[in-house]
Amino acid sequence: MRITDTHVHFWDPRRFSYPWLEDRPVLNVPRLAADLCPGLDAGMSPVRKIVLVEAGCRSDQALDETLWLQDQARRDPRIGAVVAAVTLEDDTRLTTELDRLSRIPLVRGVRRNFQSLEPGALVAPAMIAGARAVAAAGLVFDATVRSGQLPELEAFARQVPELTIVLDHLGKPPVASGVVGPWARDLQRLADCPNVTVKISGLAPEAAPERPLEAQIRPFLAAALEIADPGRLLLGSDWPVSTARAPRDTYASWWTLLLEDTLCVLSAPDREAVAEGNAERIYMKAGTTHE
């Protein structure tokens, strides 16, 4: 089965400043195409395309980071799309950002990381106005939230029905606790929004490091497959963040778990859609009106 990995990060702390990496020495080193290649050995991995997602560099460096991510495609032809950082709630700045991003061929989506914002921030008028501007630009919006923010993201999504929203990391469920119910109910309400697509990715950082990942995340994966329409479901690795929890959490083991354990409950057409077809439609076809 061919897979599009819809959530990969490349970064280089020698070139850009990533404040969130400063207290994470395991991750605070360059992570580039050459580092991912062992997980993508020719003929060994089902991953055929990847989507690069901005990595939280300093906001004044965001455009340069996006240009740098675009340039990585010269080194790795599997890069099919880039999701760039934007300042969604600042209309003047956002207008400039979207204009500049329109000139970068691989930019198919944007992200404003929501997970550290105060309650109410997602539905503030300026944020909604910015979301409408992103929709008008024909770009996908990646939304990164924590599980407690899912109801607010639902309200955000319903106010901007014209915007294609991709929920990153299943909304960061409380994996370590094993409590599925409240998260699943909120995810169901969000997934009922026809403009929302759910991305299975980024669960390892939410798990307890002393226990094997697979047993912790299986209930959440099963719930996500029951909730999400297979036509609005994506797969991503969140590499390299999700490989930093424990040595056994490798790039290859993640895809083995999804292919051999999780997706087997789906029909063959649905598996193909989740693994590749949906990503092609959502990311590869978006934002293609660049100058």
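Which elements cover the buried residues of helix 6? The points below take up that question first and then turn to other local features of what is a predicted model.

1. Helix 6, residues 181-191, has W183, A184, D186, L187, L190 and A191 among its buried residues. Seen down the axis of the helix, the buried residues fall within an arc of 165°, so they line one face of helix 6. An α-helix has 3.6 residues a turn, so residues three or four places apart point the same way. The cover over the buried residues of helix 6 includes helix 5 (150-159) and helix 7 (213-227), together with strand 6 and strand 7 (196-200).

2. The loop between strand 8 (233-235) and helix 8 (251-262) holds P240, and a cis peptide bond, with omega about 0°, joins W239 and P240. D238 is also found in the loop between strand 8 and helix 8, and its phi is near 60°, a positive value in a residue other than glycine. With a relative accessible area of 3%, D238 is buried. A colleague checking the backbone here may wish to view the cis peptide bond between W239 and P240 together with the positive phi of D238.

3. How many disulfides does a search of the whole structure find? The search finds zero. A disulfide is a covalent bond between the sulfur atoms of two cysteines. As for individual cysteines, C57 counts as buried at 12% relative accessibility, whereas C264 counts as partly exposed at 46% relative accessibility.

4. Is D64 buried or partly exposed? D64, which is found in helix 2 (residues 62-72), has a relative accessible area of 46% and is partly exposed, because that value falls between the cut-offs of 20% for buried and 50% for exposed. D64 and L94 are 30 residues apart along the chain, and their C-alpha atoms are separated by 15 Å.

Methods. Residues are numbered from 1 along each chain as its sequence is written. This is a predicted model: local features need pLDDT of at least 70, side-chain atom pairs count only at pLDDT 80 or more; totals for chains, interfaces and linings use all residues. Side-chain values use heavy atoms; hydrogens and water are left out. Helices (H or I, at least four residues) and strands (E, at least two) are DSSP runs, numbered from the N terminus. Buried means under 20% relative accessible area, exposed over 50%, partly exposed in between (1.4 Å probe, protein chains only). The arc is that of the directions from the helix axis to the C-beta atoms. Contact means heavy atoms within 4.5 Å. A disulfide is a pair of cysteine sulfur atoms within 2.5 Å.
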